[in-house]
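Me: Could you walk me through the charged side-chain pairs of this protein, with the cut-offs behind each term?

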Amino acid sequence: MTTATTSADPGPDVTGPADLIDALLGIAPGDRLDAIRRARPAQREHTQRAYQALVRPVDATHVSVTERLVVAWYVAELHRHVGLAAHYRALLENHGADGGASSGASLTGAVLELVRVSAGSGPYGRYREPGLAGESTDGPRLRIGAALGDGVAELFGPRLTAALEHAHLLTFRPRESSAQALQALLEAGWSATGVVTLSQLVAFGSYQVRVVDSMAVLAGYDEQRVGVRGGSAAARGAAAGIGDGAAAGSAQGASAEAGTGSAPAAARSASAEAPSGDQVVTYPDLDRPEAFTQEPLG
């Protein structure tokens, strides 16, 4: 399923950098990193196109630009990526209200406070599969109202509150993804297409972090040059405004949903365009492996 787009809101600065990864790393034509990236032109092109489709959409009917930017910024902060977090925060602060959520300094402050109380280390969570139960680990489960009070939840609104809690789930405890988690999004007002887009956005944020970090390592850049993480944990937290928590977990975790290993595939378990009140479709007779396996999928 493709990412949702609409013509209602062209988003912030639809042109933007010709290539965000190049801009973050300061890559110029002829540089060593430019040569490395030119060796995989399709990956370079589609990384930028995915960024444009998810963050600078032609059509934002199912997920407003404000919602997209808040979630993208939050995910970058959870991964403690100073450069990407600064980029998405700047886009949000330069974007006017679009009806998707409250805007302005109050929204910025609420996101920073949310990151402060919800950042940590991961991934963690409980496995459903008996063969993996011994590897389960515990960790916090974000509920914005309980963590920050009803006032912040009201500021975000029910849709964005549910989206941010879902982003935290996918980033830190993907092994607890479930039909119930998807249903909570539907009940908060998200369409099936919106759920797909939201899950893609979280997964893509994790992917972006790893592309920038890996390219910086290949170039031998120091952390301060690219604003990737900063030096110590305390310095990283101060720069990102998130306290002393460690970085979030795996890229695989960010894209896992409802046990499928792919956010778009999982979101399709809701009907193609589920109206309010529809339920997530489950498959109780599905043959699920009880442990990690190299067996081909049926």
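Predicted model: local features only at pLDDT ≥ 70, side-chain atom pairs only at ≥ 80, totals over all residues.

Reply: Residues are numbered from 1 along each chain as its sequence is written, and side-chain values use heavy atoms, with hydrogens and water left out.

Me: How many salt bridges does the structure hold?

Reply: A salt bridge is counted where a side-chain nitrogen of Lys or Arg lies within 4 Å of a carboxyl oxygen of Asp or Glu. By that criterion, the number of salt bridges in the structure is 12.

Me: Which helices hold D22 and R44, the pair that links distant parts of the chain?

Reply: The side chains of D22 and R44 meet in a salt bridge, at 2.7 Å from N to O. Helices here are DSSP runs of H or I with at least four residues, numbered from the N terminus. The two residues are 22 residues apart, with D22 in helix α1 (residues 20-25) and R44 in helix α3 (residues 41-55).

Me: Is D34 buried or exposed?

Reply: D34 forms a salt bridge with R38, in which the closest N and O atoms are 3.0 Å apart, and both lie in helix α2 (residues 32-38), four residues apart. Buried means under 20% relative accessible area, exposed over 50%, and partly exposed in between, using a 1.4 Å probe and protein chains only. Because its relative accessibility is 8%, D34 counts as buried.
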